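I wrote them in the order in which I looked things up.

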Number of protein chains: 2
Amino acid sequence: MNATSAALFEKFSKLKTNAGNHSPSLTTLKVQMPEIEIKVDACFLSNPYATELFLKYFKKELLDTGEINNVLEFYPSQNNEIASLVGQHLKIDPSRIFIGNGATEVVQAIIHNFVKDKIIVNIPTFSPYYSFALPHTEVVYYELKKEDNFTVNPDEYIAFVTKHKPDSIVLINPNNPDGGYIPHKELIRIVEELSWVPTIIIDESFIHFAFENSSLALPSIASLIDQYPNLHIVKSMSKDFGIAGIRCGYAILPAEKVSYLLDRGFLWNSSGLAEYFFRLYTRKDFILEYEEVRKKYITESLFFVTELNRIPKMRVYPTKANFVLIEILNGQTSDEIATELLLTYGIYARNCSDKKGLYGQFIRVATRYKDENEYIIRSLRTIFR
Amino acid sequence: MNATSAALFEKFSKLKTNAGNHSPSLTTLKVQMPEIEIKVDACFLSNPYATELFLKYFKKELLDTGEINNVLEFYPSQNNEIASLVGQHLKIDPSRIFIGNGATEVVQAIIHNFVKDKIIVNIPTFSPYYSFALPHTEVVYYELKKEDNFTVNPDEYIAFVTKHKPDSIVLINPNNPDGGYIPHKELIRIVEELSWVPTIIIDESFIHFAFENSSLALPSIASLIDQYPNLHIVKSMSKDFGIAGIRCGYAILPAEKVSYLLDRGFLWNSSGLAEYFFRLYTRKDFILEYEEVRKKYITESLFFVTELNRIPKMRVYPTKANFVLIEILNGQTSDEIATELLLTYGIYARNCSDKKGLYGQFIRVATRYKDENEYIIRSLRTIFR
């Protein structure tokens with residue numbers, strides 16, 4: 001590493017430290033480190049074709065009409081009204097829908113209000129599930145093993161939960177940061193056998209990228225919410241719909257928990273643009289087009305992962321999400337590889353050195369546009385040559 | 001009221017009930033009651049000239065450049081980074097700034113985390129200050145009297161607080177919904193004499209419309225935060241900057257309370273557009289232009305209130321905000337007047353029949369554009385003829 005690179009690396013490390021258990025955003029990077037040219041943001045877990053689709057509607061319906069002015073100027077609708085639209089679309093009782101300012105707010109609301117003395121969190125994980133815990137909550141970690149490809153073994157997991165008797169558990173499906181997937185039938189078995197756990201959180205933020213058959217049908221557990229009253233389903237809209245900047249998410253909760261939250265806040269927590277997105281999300285014309293870009297993106301992701309798998313000296317873990325966890329096996333550290341990717345290739349990948357429960361050197365790389373994926377593959381091939 | 005009007009009235013009343021202690025939003029009204037033509041939204045407390053100014057920058061910097069796509073697609077910066085900008089702008093230690101998804105989220109965060117056993121809330125008020133209270137918090141109401149023009153009498157207030165020994169108090173200055181203003185010197189005296197109260201919340205959401213001299217300088221108490229460590233300042237940006245749809249607000253809190261909140265959530269609670277607004281807010285070029293529209297709007301508001309004062313059979317309470325509380329003295333109810341304004345004149349005013357602590361028939365009317373103000377005046381003149 002030369003002096004310039006070393007200085008850049010130090011600056012970048014500082015930004016990373018300030019971002020806590022997350023990566024600095026692209027905006028932060030651009031403003032704080034204008035000397036770096038970022039060609040591919042592979043840190044960012046988002047379907048770019050869905051972004052294009054959203055922007056098409058946004059341009060036609062808000063920009064070209066001037067309606068954007070009203071969206072920015074006036075108060076958006078209240079939580080329960082947007083929930084009513086989303087519930088109708090999902091064919092789920094609207095009184096069970098809680099609209100969030102991004103899934104992060106939904107996670108926060110659940111962790112602060114409904115998780116009591118003990119929660120079991122599988123690691124590696126999305127850090128807010130443990131970092132948002134209140135002081136009186138004990139967090140017990142269930143370690144997913146790399147030898148098992150980070151997948152959940154239902155029998156072992158059920159035995160672990162039964163032994164620890166928590167009031168809350170979390171399963172992210174597919175899991176972040178490894179992409180590990182619990183098949184629908186296994187998930188049902190876990191939920192049935194653990195029906196005595198009061199708060200079962202299933203985070204389906206990446207479920208739009210998962211599939212169990214070649215028609216790529218969406219394998220969500222949301223339709224079973226009436227059978228399993230303890231289910232608390234968390235859903236981000238940032239990744240599948242490519243609109244992280246708008247902040248949209250929701251939860252499907254027991255109706256009395258939605259009331260509990262709405263009686264004490266979360267009044268105007270959707271922006272005007274978030275409301276516009278949710279209204280779009282419930283429209284048939286939009287969803288029909290969306291299904292096409294969802295499947296296109298999954299297909300390209302499959303190809304991307306297949307190619308990554310062929311690169312030597314790194315291990316690509318099996319994924320049903322729109323990203324892959326890569327273990328570095330050439331003797332370099334994830335700090336080194338992430339820095340080389342950023343400074344030499346302009347590829348912003350997620351350095352997983354801060355991820356609890358990952359033993360080894362790992363980076364996470366997201367699927368983006370086809371040509372961006374190809375560029376990532378070429379760059380990694382050169383690095384691991 | 002004829003049959004059509006009665007049906008519309010019933011439908012409108014139902015929307016109002018669903019909106020709780022608030023008014024249905026303009027979007028809700030438009031979608032649910034397309035048969036009503038709303039000419040002036042005087043329910044909405046916002047400077048339209050500031051909206052125009054924001055839209056000018058928005059168009060030039062985000063739309064014309066295509067940068068809007070990035071704002072919608074990518075994750076915004078985290079809370080502490082936006083706080084750092086706002087702190088520098090306000091010349092306040094950034095570790096004391098907490099950025100909120102609208103002031104409502106800020107109020108919620110304070111009420112849920114820092115208000116303990118007892119809070120004193122002046123009524124009439126902005127309802128979240130009592131409705132968001134957790135079950136273990138006792139809310140004690142201090143009634144502002146219409147005989148006193150709803151102003152706070154410092155001696156009486158200090159005696160009341162001293163008697164009740166709360167851990168938290170709230171002063172909205174200027175107050176919503178009456179516009180009553182506590183002069184800077186009196187507020188300082190209250191804060192000094194009540195320095196034993198751990199959590200003193202001063203809501204300055206309407207402070208940009210207040211003034212104490214003819215240069216219309218902004219009389220905020222924020223600069224005194226170092227002298228009075230118990231101050232918790234709440235600031236909405238929706239009203240003064242005319243951007244309610246974006247959801248922007250902040251608080252100035254003791255640094256350890258900001259850390260407490262950020263350690264447990266509020267990670268990505270600003271949208272990309274909120275971040276854009278906050279960056280704009282800290283720029284000299286924008287603020288110079290903003291000061292002009294702020295003063296223009298105040299001047300027009302002064303004229304509006306002066307003219308309203310001349311209409312018989314209604315009482316206009318003294319205000320230093322961008323709205324007036326009007327008491328109806330012609331024998332009609334606020335339901336009747338608000339409905340007549342909406343259905344006959346297309347003027348959406350705030351029916352205050354649900355406002356705790358208002359004894360009598362009240363509506364609240366906001367200042368809007370000059371010609372809209374004139375239309376409101378003409379309409380009220382006709383009604384109260």
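I looked up helices α13 and α14 of chain A in this predicted model and found that they are oblique to each other, because an angle is called roughly parallel under 35 degrees, roughly antiparallel over 145, roughly perpendicular from 65 to 115, and oblique in the rest. The axes of α13 (residues 334–345) and α14 (residues 370–383) of chain A come within 11 Å and cross at roughly 120°; axes here are lines fitted to C-alpha atoms, for helices over the stretch in contact, with angles running from 0 to 180 degrees between N-to-C directions. Helices and strands are DSSP runs numbered from the N terminus (H or I of at least four residues for helices, E of at least two for strands). I noted the crossing of α13(A) and α14(A) as right-handed, where right-handed means that the near helix is turned clockwise from the far one by less than a right angle, and left-handed that it is turned anticlockwise. On the α13(A) side I listed A:Ile337, A:Glu340, A:Leu341 and A:Tyr345, which meet A:Tyr375, A:Ser379, A:Leu380, A:Thr382 and A:Ile383 of α14(A), contact being heavy atoms within 4.5 Å.

Two conventions I wrote down: residues are numbered from 1 along each chain as its sequence is written, while chains are lettered from A and ligands numbered from 1 in the order in which they are written. Local features need pLDDT of at least 70 and side-chain atom pairs count only at pLDDT 80 or more, whereas totals for chains, interfaces and linings use all residues, and side-chain values use heavy atoms, with hydrogens and water left out.

Next I took helices α5 (residues 79–90) and α11 (residues 272–281) of chain A, whose axes come within 9 Å and cross at roughly 20°. That angle makes α5(A) roughly parallel to α11(A), and the crossing is left-handed. I read the contact as made by A:Glu81, A:Ile82, A:Leu85, A:Val86, A:His89 and A:Leu90 of α5(A) with A:Glu275, A:Phe278, A:Arg279 and A:Tyr281 of α11(A).

Over all chains, the search gives 54 aromatic pairs, where rings of Phe, Tyr and Trp (its six-membered ring) pair if their centres lie within 6.5 Å, with planes under 30 degrees apart stacked, over 60 edge-to-face and the rest tilted. One of these is B:Phe126 with B:Tyr129, centres 6.3 Å apart and planes at 70°, so edge-to-face. B:Phe126 has 16% relative accessibility and counts as buried, as does B:Tyr129 at 1%; buried means under 20% relative accessible area, exposed over 50%, and partly exposed in between (1.4 Å probe, protein chains only). I also noted B:Tyr142 and B:Tyr157, whose ring centres are 5.2 Å apart with planes at 75°, so this pair too is edge-to-face. This pair links distant parts of the chain, B:Tyr142 in strand β4 (residues 138–143) and B:Tyr157 in helix α8 (residues 154–164) of chain B, 15 residues apart. B:Tyr142 is buried at 6%, and B:Tyr157 is buried at 0%.

A:Arg283 is in the loop between α11 and α12 (284–309) of chain A and is partly exposed at 28% relative accessibility; not counting residues up to four places away in sequence, A:Arg283 touches A:Tyr57 and A:Glu61. B:Ser127, in the loop between β3 (118–123) and α7 (128–131) of chain B, is buried at 2% and, leaving aside neighbours within four places in sequence, is in contact with B:Asn21, B:His22 and B:Lys355.

Last, the backbone. The peptide bond from A:Ile123 to A:Pro124 is cis, with omega near 0°, and a cis bond also joins B:Ile123 and B:Pro124, with omega about 5°. A:Lys165, which is not a glycine, has a positive phi of about 45° and is exposed at 59%. B:Arg247, also not a glycine, has a positive phi of about 70°, but B:Arg247 is buried at 2%.
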